[in-house]
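Biologist: I'm new to this one, so please pick a single part and take me through it closely, in plain words. I'd like to know what sits where and what touches what.

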Amino acid sequence: MATSNTTAWALMVVVGIMILFAGSNQVSADCEADVRDLVAKCRSFVLKPGPKVPPSEECCAVAKKADIPCVCSFITPPIELIISLEKVVYVARTCGVEVPPGLKCGSYTVPPVA
């Protein structure tokens, strides 16, 4: 339980830092809101430990509104230590979000739909 709380806290801190730095890179406010909403509603479905789990309706509602390429621009090596990008794509596609093959999310390249 403590590890799960520590991981969630670390993810929130990293995303908070990313949002602060995003302002200096002229990233849109909508994209920043997407990141905050995705962290709030979807984090438990994309953390590295554990199996892939179908996302909640709340997570899907946020994912369907998110600008996925913009959100992918926030993915840095420290974030990749915390979240599974394979799970991120799984969650998005399970929610009916089109994630184009070949899209770069951090160092991860989205594979074709199986």
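Modeller: Let's begin with touching: two residues are in contact when they have heavy atoms within 4.5 Å of each other. This is a predicted model, so local features need pLDDT of at least 70 and side-chain atom pairs count only at pLDDT 80 or more, while totals for chains, interfaces and linings use all residues. Numbering starts from 1 along each chain as its sequence is written, and side-chain values use heavy atoms, with hydrogens and water left out.

Glu-80 is found in helix α5, residues 77–80. Helices here are DSSP runs (H or I, at least four residues; strands are E, at least two), numbered from the N terminus. At 16% relative accessibility, Glu-80 counts as buried; the cut-offs are under 20% relative accessible area for buried, over 50% for exposed and partly exposed in between, with a 1.4 Å probe and protein chains only.

What does Glu-80 touch, leaving out residues up to four places away in sequence? The list is Lys-48, Ile-75, Leu-85, Cys-105, Gly-106 and Ser-107. Cys-105 is 25 residues from Glu-80 in sequence, yet their C-alpha atoms are 9.5 Å apart. With Ser-107, Glu-80 makes a side-chain to side-chain polar contact at 2.6 Å. A polar contact is a pair of N or O atoms within 3.5 Å; within protein, one must be able to donate a hydrogen and the other to accept it, and residues adjacent in sequence count only if both atoms are side-chain atoms.

Now for charge. Side chains of opposite charge can pair when their charged atoms come close. Lys and Arg count as positive, Asp and Glu as negative, and His and the chain ends are not counted. A salt bridge needs a side-chain nitrogen of Lys or Arg within 4 Å of a carboxyl oxygen of Asp or Glu. Buried Glu-80 has none, as its nearest side chain of opposite charge, Lys-48, is 6.7 Å away.

Lys-52 lies in the loop between α2 (29–46) and α3 (57–65) and Glu-86 in helix α6, so the pair ties together parts that are 34 residues apart in sequence.

Leaving aside neighbours within four places in sequence, Glu-86 is in contact with Lys-52 and Tyr-108. From Glu-86 to Tyr-108 is 22 residues in sequence and 8.1 Å in space, C-alpha to C-alpha.

After α6 comes Gly-96, with a positive phi near 90°.
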